[in-house]
Amino acid sequence: MLLPQGDAVDAINPSVELPEAERIDRLRLIRSDNVGPRTFRSLVDHFGTARAALERLPDLARRGGAARSGRICSADEAKAELAASRKYGIAWLAPGEDGYPARLATLDDAPPLLAVRGDTATLMRPMIAIVGSRNASGAGLKFAGQLARELGEAGFLIISGLARGVDQAAHRASVESGTIAVLAGGHDCIYPPEHGDLLASILDHAGAAISEMPLGHEPRARDFPRRNRLISGAALGVVVVEAAHRSGSLITARMAAEQGREVFAVPGSPLDPRAAGTNDLIKQGATLVTEAADIINAVAPIMERPLMHPASEPDSEPFESDPQSHDRDQITGLLGPAPISIDDLVRMSGASPAIVRTVLLELELAGRLERHGGGLVSLL
């Protein structure tokens, strides 16, 4: 089964081109202390531009209880990063620009700038993610490669994390048809190092590599779940081939479900611990996969639905310009090390959603708040 010609590009709104000054401001904001993708989006939605948000960072952090303002990335630093990236052939793209994966752009925590190296046109094609065990069996590696090859022949782009095991098998099998490597570190910090040749082959065959990290950033343990949300977020669905309990691939599957993506799982022997996670996914409702047609048939209806790039944060309330101290104290008092949902904070505090969101933003910019999946937050 092949994709219809009209579905060859997974596009949303007509492309935009970001002015260079705004690209610099965006990079400055996301590189400033305590500003992550969700916080970035909240700030820009509220203040209108990255530059206006940059001006308000010190005051918001002070109101959140910071003893001193966090580091704000300077214009010179941002310009230097962009210049260094260009020497590697890296383009920093914003949601809506050509080369920024269409479905990734719809996420609440989409990177405000994505470092893209390779064929940007490839990134506009519909993608299927294939992930799995780093210590995969021979059968798992063979099947991952078979799936990737057949999906590529059907017109899909394969996206994965360049890891050992299933990831590399999926990449190698789809080099000719097109594959995307999502990096946990900077473009000059390939992990694992022995996959440098694989990445070079991907780039030589009109594939691409993407990252949200700066050059020189060596991947740490906490960077891999952050990378995984890009793998699942850019794809129509995620296929898991062999995953033990507590596997990183299961984190990718969970993120895919939270993002509204399809989750597929390849069944395995109950006697093989490498299949325990995938078998559990099937019990929980993931689509069982024994051939590429199972995936193609499941995503075909999804591809017919139009994608719209969100203009602002879904269901967002305006921020409160300056919450009263008693509201701030009450909301902070309800927070602790255990994650709690923002909806519960609104209900328990009796404050408006606007006030709660503002207090949480202040705490985050002060380095006192941690955000979790599913709209949960906790106090650091």
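In the predicted model, helix α5 is followed by G155, a residue whose phi is positive, near 110°. The helix itself spans residues 138–153 and comprises 16 residues, and the distance from its first C-alpha to its last is 23 Å, close to the 22 Å expected at 1.5 Å a residue. Its buried residues are G140, F143, A144, G145, L147, A148, L151 and G152. The elements that cover these buried residues of α5 include the strands β3, β4 (157–160), β7 and β8, together with the helices α6 (166–173) and α11 (292–303).

Among the strands that cover α5, β7 (residues 237–241) is largely enclosed by the rest of the structure, because 5 of its 5 residues are buried. In a regular strand the side chains alternate between the two faces of the sheet. Both faces of β7 are covered, with G237, V239 and V241 buried on one side and V238 and V240 buried on the other. Strand β7 pairs in the parallel sense with strand β3 (residues 127–132) over 5 bridges, and within this pairing A129 has V238 of β7 as its bridge partner. A parallel pairing over 5 bridges is likewise formed between β7 and strand β8 (residues 262–266), where G237 stands opposite E262 of β8. The strands β7 and β8 also belong, with helix α9, to a right-handed β-α-β unit.

Helix α9 covers residues 248–258 and contains S249. With a relative accessibility of 7%, S249 counts as buried, because this value falls under the 20% cut-off. When neighbours within four places in sequence are left aside, the residues in contact with S249 are V131, G132, S133, V240 and A243. One of these contacts, V240, is itself buried in β7, whereas V131 and G132 fall within the residue range of β3.

As for annotation, UniProt places the feature "domain: Smf/DprA SLOG" at residues 94–299, in an unreviewed entry. In the model, the end C-alpha atoms of this span lie 26 Å apart, and the span is 34% helix and 17% strand.

Technical notes: Residues are numbered from 1 along each chain as its sequence is written. This is a predicted model: local features need pLDDT of at least 70, side-chain atom pairs count only at pLDDT 80 or more; totals for chains, interfaces and linings use all residues. Side-chain values use heavy atoms; hydrogens and water are left out. Helices (H or I, at least four residues) and strands (E, at least two) are DSSP runs, numbered from the N terminus. Buried means under 20% relative accessible area, exposed over 50%, partly exposed in between (1.4 Å probe, protein chains only). Contact means heavy atoms within 4.5 Å. UniProt positions are given in the numbering used here, feature names are shortened, and annotations may be inferred rather than shown by experiment. Two strands pair if DSSP finds at least two bridges between them. A crossover is right-handed if, with the strands pointing away from the viewer, the path from the first strand over the helix to the second runs clockwise. The expected span of a helix is 1.5 Å times one less than its number of residues.
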